[in-house]
Amino acid sequence: MKKFLTLATLMIVATSLFAACAGGNSNQVTGLSGGDGVTIGVSMPTQDLQRWNQDGQNLQRLLIERGFEVNLQFGGNDVPTQVAQLENMIASGADVLVVAAIDGDSLTEVLGQAESAGIPVIAYDRLIMNTSAVTYYATFDNFLVGVLQGEFLRDALDLPNQPGPFNIEFFTGDPGDNNINFFFPGAMSVLQPFLDDGTLVSPSGQTAITEVATIGWSTENAQTRMENLIALNNLTPGGTPLHAVLASNDSTANGVTNALITAGFTPENFPIITGQDADIVSVRNMIAGTQAMSVFKDTRVLAENVADMVAQIVNGETVTINNTTDYDNGVFVVPTYLSVPIVATIDNYRELLIDGGYYTEEEIGAN
């Protein structure tokens, strides 16, 4: 196992401290029949995004190390496929389900089957809505993710001290992913005052979450929308200036970047673009000067936390959580364990991602 160093170590320590500061709340669950033959169903949304491949493989490995059998399935970003996969897991006798929902509102019926069968369900990084079948939720502090993005733009543009106006456009993710209701408000909690006083201006006028959503978190959809904004508002190096783009994740940031490069932007005049997940393409873009930052959510930490939660459920132990107030799924407030995100930039990516063992230099192409 690769050794975690410096910032990566600090991030993991910070996660523990965060849990302690949040009160270290916990729930007691009834144990299952432990030992050999315990099967954990793991349902991930897609293999088309790098992070979900990493999440699935990390979690599978950690659960196997703890002695469990694992049924890992990817839903291909298709809700009926994910529902069918979950039905099969339930029918085949899964003892615990870990589910990263494609659409958090579309699993009520199938998870009702799990609830009737007495199968605990952990919602993984995406809150599953409008059902009592969710036992726990494990994620990062997603409101903080947005705050970090907003603070980065605020500080990079020196908004409190500069008159502006600075032109900005906004891109968040899929409307079916409840996380956008934390990412985007988190960022806007920092940026909205500057929109209100005119320091920040959106040339398109599109600042509502429904206007800036990106179906499927798709790079292609984000690129198409950015191309349309460029055409409609003459957002070109020689036309209307574009100073910043709030992109809620790296996939949408990559679509924005592709459109801007096609429009003639170069690293010397690129707007400040945010992101999330520290995907390889975006790390390369940071090195190239076409993306300013990405919020790094170490999925190894999240997978470790979830594997521990599964083991605690199976063994009838107290399940560690640190938030019992913020994640209401429309039926009840789901007991939650939050991990801590951290900002990655050109200044710390090597220490954080390469020295931290998340990527190799060869994977990133760093030299």
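Student: Let's start with helix α2 (residues 50-65) and helix α11 (residues 299-314): within what distance do their axes come, and at what angle do they cross?

Tutor: First, a general idea: two packed helices are described by the angle between their axes and the distance between the axes. In this predicted model, the axes of α2 and α11 come within 9 Å and cross at roughly 40°.

Student: Okay, on to the strands. Which way does strand β4 (residues 96-99) run beside β5, and how many bridges join them?

Tutor: β4 and β5 run parallel, joined by 3 bridges. For a landmark, look for Val-98, standing opposite Ile-122 in β5. To get from β4 to β5, the chain passes through helix α4 (residues 108-116), and this β-α-β crossover is right-handed.

Student: What pairs with β5 besides that, say strand β6 (residues 136-140), and in which sense?

Tutor: β6 pairs with β5 in the parallel sense, over 3 bridges. Here Tyr-124 has Ala-138 in β6 as its bridge partner.

Student: Are the faces of β5 (residues 121-124) covered or open?

Tutor: Both are covered. Val-121 and Ala-123 are buried on one side, and Ile-122 and Tyr-124 are buried on the other.

Notes. Residues are numbered from 1 along each chain as its sequence is written. This is a predicted model: local features need pLDDT of at least 70, side-chain atom pairs count only at pLDDT 80 or more; totals for chains, interfaces and linings use all residues. Side-chain values use heavy atoms; hydrogens and water are left out. Buried means under 20% relative accessible area, exposed over 50%, partly exposed in between (1.4 Å probe, protein chains only). Helices (H or I, at least four residues) and strands (E, at least two) are DSSP runs, numbered from the N terminus. Two strands pair if DSSP finds at least two bridges between them. A crossover is right-handed if, with the strands pointing away from the viewer, the path from the first strand over the helix to the second runs clockwise. Axes are lines fitted to C-alpha atoms, for helices over the stretch in contact, and angles run from 0 to 180 degrees between N-to-C directions.
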